Amino acid sequence: MRFAPLIICLAATSLAAPTNFLDDAYNWTDELAEFYSKVSQYINTAKSNVKASATCDTSKIALPSYASGLTSPTGLTATYVALGRGTQNYTCADSTSSSTPTAIGAVARLYNATCIAANYPDLLATLPNLAYKISLPTNGYASFPPANLDLLGHHFFYDATTPEFNLNTTPESQDGIVMTKKAGSLDAPSSAVSGEYGAVAWLYLTSTNGTVGNYKSVYRVNTASGSPPTTCKGMPDAFEIQYSANYYFFE
């Protein structure tokens, strides 16, 4: 019997839980336990299904239903889905309650979750809730737990208003660059993992000049944490808030 590479990856995931969780038992959460329980269920299903295949059909990828509040990617096809893990960055004019934090962009690594999006969307939706609590690997090219995802690229801001997604990670992996602008936003649902101050909004981004490839839009969904405090009271001049989200790339 042959199993899909994704099933094999999930099996490895279930047997090799992230060490920076297990090194500290107090970091083991109900959410993480639920994630590995679902992985185990999928593995058992694949074992009993002689038709298990090695497909990763991106035509099956769909945005979560809550994203219907954003412009639909009608006529476009999802090329990649990435788990983003990094920081939302802010500044404060002073450390008083009369000032409010100003967003100055974000920095994140993007990990390839395309096949999980195509085959296991319920697992995909839970990944940001787990990921924002996990430290990034010190090796920038290492895979990321809890799903052992490979690095796909990097997200940062080209300038104050231009989110960039650079998917050219190595000379062998040249998947393009997406320069974007904000075209729509939606408050994160009440069920979103808030972190200390709240989950950042879901976003609809459209590609702009400088994009390398046929990318037309990017969606930031399933956000976890990332929002700043409501005022700058007691905050430094510049600070970061940990966050995670899923990013869908459409052509």
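Me: How do the residues lining the largest pocket divide into nonpolar, polar and charged?
Reply: In this predicted model, the lining has 13 nonpolar residues, five polar and two charged.

Me: Which residues are closest to the pocket's centre?
Reply: Gln88, Phe157, Lys182, Leu203 and Arg220 are the closest, out of 20 lining residues.

Me: How much space is in there?
Reply: About 420 Å³.

Me: And which elements supply at least two residues of that lining?
Reply: Strands β1, β2 (102-112), β3 (151-159), β4 (162-170), β5 (173-186) and β6 each do. β2 gives the most, with four residues.

Me: Switching to the largest nonpolar core. Which members touch the most others?
Reply: Ile116, Leu124, Leu127, Leu149, Tyr219 and Tyr248, in a core of 33 residues.

Me: Which elements give two or more residues to this core?
Reply: β1 (78-91), α4 (114-119), α5 (121-131), β6 (202-207), β7 (217-225) and β8 (238-250). The most comes from α5, which gives five residues.

Me: What about a second core, how many residues?
Reply: There is a separate one of 24 residues, and Ala108, Phe165, Phe239 and Ile241 are among them.

Me: Back to Tyr248. What is Tyr248 in contact with, leaving aside neighbours within four places in sequence?
Reply: Ile61, Ala62, Leu63 and Pro64 are among its contacts, as are Tyr80, Val81 and Leu124. Contacts of Tyr248 also include Ser217, Val218, Tyr219 and Val221.

Me: How many aromatic pairs in the whole structure?
Reply: Eight. One of them is Tyr66 with Trp202: the ring centres are 4.9 Å apart and the planes are at 80 degrees.

Me: Why is that pair edge-to-face?
Reply: Because the planes are at 80 degrees, and over 60 counts as edge-to-face.

Me: Where do Tyr66 and Trp202 sit in the chain?
Reply: Tyr66 is in the loop between α3 (30-47) and β1, while Trp202 is in strand β6, so the pair links parts 136 residues apart.

Me: Is Tyr66 buried or partly exposed?
Reply: Partly exposed, at 34% relative accessibility. Trp202 is buried, at 3%.

Me: How is the Tyr219 and Phe250 pair arranged?
Reply: That pair is edge-to-face too, with 5.5 Å centre to centre and 75 degrees between the planes. Tyr219 lies in strand β7 and Phe250 in strand β8, so parts 31 residues apart in sequence are tied together.

Me: Are those two buried or exposed?
Reply: Tyr219 is buried, with a relative accessible area of 0%. Phe250 is buried as well, at 4% relative accessibility.

Me: Which residues form an aromatic cluster?
Reply: Phe165, Tyr215, Tyr247 and Phe249 form one. Phe165 is also in the second core.

Key: Residues numbered from 1 in each chain as written. Predicted model: local features only at pLDDT ≥ 70, side-chain atom pairs only at ≥ 80, totals over all residues. Heavy atoms only, no water. Core = buried A, V, L, I, M, F, W, Y, C linked by side-chain atoms within 4.5 Å. Buried < 20%, exposed > 50% of the residue type's maximum accessible area, 1.4 Å probe, protein only. Contact = heavy atoms within 4.5 Å. 1 Å grid on protein atoms, 1.4 Å probe; cavity = no way out; pocket = protein on both sides within 12 Å on 5 of 7 lines; lining within 4 Å. Points joined across faces, edges and corners; volume = space filled by probe spheres on them. Nonpolar A, V, L, I, M, F, W, Y, C, P; charged D, E, K, R; others polar. Phe/Tyr/Trp six-rings, centres within 6.5 Å; stacked < 30°, edge-to-face > 60°.
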